[in-house]
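Colleague: I am new to this structure. Please show me how to read it.

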Amino acid sequence: MGLLSDPSRRKVLTGLLTRLNTPICGMPVEWLVKAMQSRGLEVFTQSFSRKLPFPDENKERYMVRGTNVYGILRAPRAPRTEALVISAPCSPGDSNNQAVGLLLALAQYFRNQVYWAKDIIFLVNEHDLMGTQAWLEAYHHTNITGMEYSPLQGRAGSIQAALSLELSSDVITSLDLILEGLNGQLPNLDLANLFYAFCQKLGVLCTIQGKLQRNDWDTAEGYTHAAQTMMLMVLKQACGRSWGDHGLFLRYHIEAASVRGINSFRHYKTDAATIGRLLEGMVRKLNNLLERLHQSYFFYLLPSLSRFVSIGCYMLAFGLLVVILLLRGVTEAQQVSLPSGPGVLTVLTPVVISHLTGVALYLLPVHLQEMAVEHFPVSETEAVVLTAVAIYTAGLALPHNTQRLLSGEGTEQGWKVLKLTALLYLAVLLGCTALINFSLGFILAVTLVPITASMTPHMPKALSALVMVLLSPAFTVLYCVFIYQELIEAPVSVSEGWMLFLSVISQGILDHALYGSLVYPLLALFIYPCWLMFWNILFWS
Amino acid sequence: KTVCDLNLSSVLMNSNLVHRADSFFLATKMAAPLTLLLIVAVTIRAVLFRSSWAELISERVEVVSPLNAWKRVVEGLALLDLGVSPYSGDVFHETPFMIYLFHFVVDYAEIVFMVSPDLVFCLSRFLTSLKQKYALESDRYPADCLELLRSPKEMFYIPLKVAMFYLLNPFTILSCVAKSTCGLNNAIIALFILCTLKGSALLSGILLALATYQSIYPLTLFAPALLFFLQRLYIPVNLRRSSFWFFTLQYAFIYVGSLVVITGLSFFLLGSWDFIPSVYGFIFSVPDLTPNIGLFWYFFAEMFEHFRLFFICVFQINVFFYTIPLSIKLKEHPVFLIFMQIAIISIFKSYPTVGDVALYMAFLPAWSHLYRFLRNIFLVSCVLLACSALFPVLWHLWIYAGSANSNFYYAITLLFNFGQILLVSDYFYAYLRREHHLTHGLYLKKKDGTEATLVLK
């Protein structure tokens, strides 16, 4: 009995202490430094700190301060121009408690070998992605996210490849390979093939998206299973966040993958020694590389580890969707003759207002959180998310206000020109998005293209307004949340799904502020204004 | 602002228009939208100058080239301050006039870059006064062509549209925020066109010499300027007439003389002839193969050394080659020839940037009456817009993500240049077609009376 027996009070106290920036359990920096030094590595530490734009309720942090510890194993007889990185995120609690031990064991074993041609950096980073971001920014002398960090004292050459380990138990049944990185960037397929081939050689079970592979490709169940795996990859890629620590390496043109050990209910378990052999083999293969991995595909989708869908196949589907928009645009262009001076202004007003709303959606949630917290009984995170939802919904009321500003200039010509502009804008936007993050572009195309290509003011207003809202970007995100939960076999109820949706929005804003993920600015500044332009066309009077 | 108004009023009073008083009245009516436009343009530029985007934009390869990057100007100034020749080290490729100009105004650089576009739109006034000449000659044309001619009311808005097209063009804004000296080169060319249209051969020659001194390609504008003056002075373009040769030699003398004087002055400014290989040798021999929106870099990156000289000659002759056929075809329409020449220079020069593209695009509203004859305008605008959006995406995929390579970026470059060439040739077709209609009537009939179609061969 006492203050800490009540779980909610514990939570409040934890939150209070996190905000006060006194870590209850941090990383054992001195122990790690001693451990690495005793294994013969050159050990350095790096401290970093960052104040998040608003508290992160999933990971319960707001003002983050941490230390990365890394040891460099110098190649004994080679010029020190290239390096490999093996990293293990160190988080408090049980989530990754075996990886550091495995890392140290590997370091000790590697130290006694003479065949290393590249330097090997053993990185233990704190606060998972933030620590990796601070380390990578310091290594490459950039500062793109506004993090404060101390410069690195020791450095190796240019990093050729990286592996990130996540192990929570010392015996595992399978290893899960995680490839999706920041902004949907993927490592070269050769890295995945390498890992899978080596796992097969050693007899270790390797999975992707947490699902085992099936061998019956021609049955319906096999096909469904593969389709589900591929859909999971599409959803994970579309959300633009890095699903493992490796994701941030990809931005610096370093091929990286995350390996997560899964301990499920299966008879045959693999012990840590085999995992060690596996990792040693992987690192030796990467060590023997003469150039960066670039021969295989960078753009692919994996229905399983032994099959892939290359960009040549899937881009065609996307191209056909965008062609719909272009053909529609050509049809509209033939019916429209260029209006004189005032006509252009008629079109310009909805465009400018939509984009201003988009800018408001991008800037205001984070900037107005203090004001919202003063006036409403919500926490900062909730304030940010609910402001975003409120601005999004308020945008729906725009057409009426825009029409008033135009003072009755809405002519038949006017909406056709606006539709032409909006169609071309959407086509270019979706094209650029698909080139960078195909899954995001594809999902947006699938939901936006049908309704926008056929949008006219003469459609039945109530029905088409409903359809338009149901296919808007926010609802697309909601559907993706539900579909994702279904696919990982953890279906949620509507209310849980809604809470998950709100947390997805807050994660999106945080990812953009912390790591430079482009999903939130893309949706707020470009896709949403484009959707608003079509909404304006629907209500053109 | 007041200066421009005075300029406008003085020009209109000096011109040979019939509705002199009416034009003056109309011009003051246009002052309010013009002021609004200026304020908007200056605000956008000021906001961007102060934001974090300015650094990002000044490093984009589409906006700056080795010839006009601000970073290099600063480097050259630093070298000059140290007493070393600014051309040592192959960093600085601006002319000595430019370095001395910035030596004095480097603290006010942003203001200089914001003011220079204003000079371009002052030019637009004179295009108006020029086009109004057509209205007087309406009795020369067949009756059904009157709809092809433009009324003064239509032409009233052209200066505003030209100003809008230049000042609010994203290309110009990017070029200005990046502090690329392309804006200043554009201003010199605009002043040259202004003086040509105003009829002052001396100033025109001097400014053309200055423009040529800055980058060699405006040399091709000598022909249209000459043709304009010959037309204005009613000297027929006949190689056997002595009046033609007399004027040509006069103009050529002014031009070459100014060029010699300017080059000599540059020599005395810096005390050496270093600037000739650094500036003109650089433009001609294209040693720097940083990707840009032009056609040179990819070719020369793949070229064997053995053939390099041959291909340099081929590519450079390509810029100058179109002058003679175009001059022959458009000898009665020198203003359009100036537009075509500027467009050709922007497309085929060795280090183009978006600022060069913005210059010829600013003149498009002056030919808005050709819109009905344009055939590909939708395709061209789509291509240009899509390419402008795809440039940064493919650059990111190539340089940062490593998933693409130079071929992708060059594909977009090729597509962009294709779009520009299509735009220029479309306007050429439309212009010739309108001239044909003006001489032969709008509704063409074949010999048996059925409707005919016009084909460009």
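Modeller: We will take the interface, then the salt bridges. This is a predicted model: local features need pLDDT of at least 70, side-chain atom pairs count only at pLDDT 80 or more, and totals for chains, interfaces and linings use all residues. Residues are numbered from 1 along each chain as its sequence is written, chains are lettered from A and ligands numbered from 1 in written order, and side-chain values use heavy atoms, leaving out hydrogens and water.

Colleague: What area is buried between chain A and chain B?

Modeller: Interface size is often given as the accessible area lost when the parts come together. Here about 1,300 Å² is buried (1.4 Å probe, summed over both parts). Carbon and sulfur atoms give 79% of that. A:Cys432, A:Leu435 and A:Ile436 supply 29% of the area chain A buries against chain B, more than any other three residues.

Colleague: How many residues of each chain are in contact?

Modeller: 15 residues of chain A are in contact with 14 of chain B (heavy atoms within 4.5 Å).

Colleague: How many salt bridges are there between chain A and chain B?

Modeller: Side chains of opposite charge can pair when their charged atoms come close. A salt bridge needs a side-chain nitrogen of Lys or Arg within 4 Å of a carboxyl oxygen of Asp or Glu. Between chain A and chain B the count is 0.

Note on methods. Buried area is the accessible area (1.4 Å probe) that two parts lose on being put together, summed over both.
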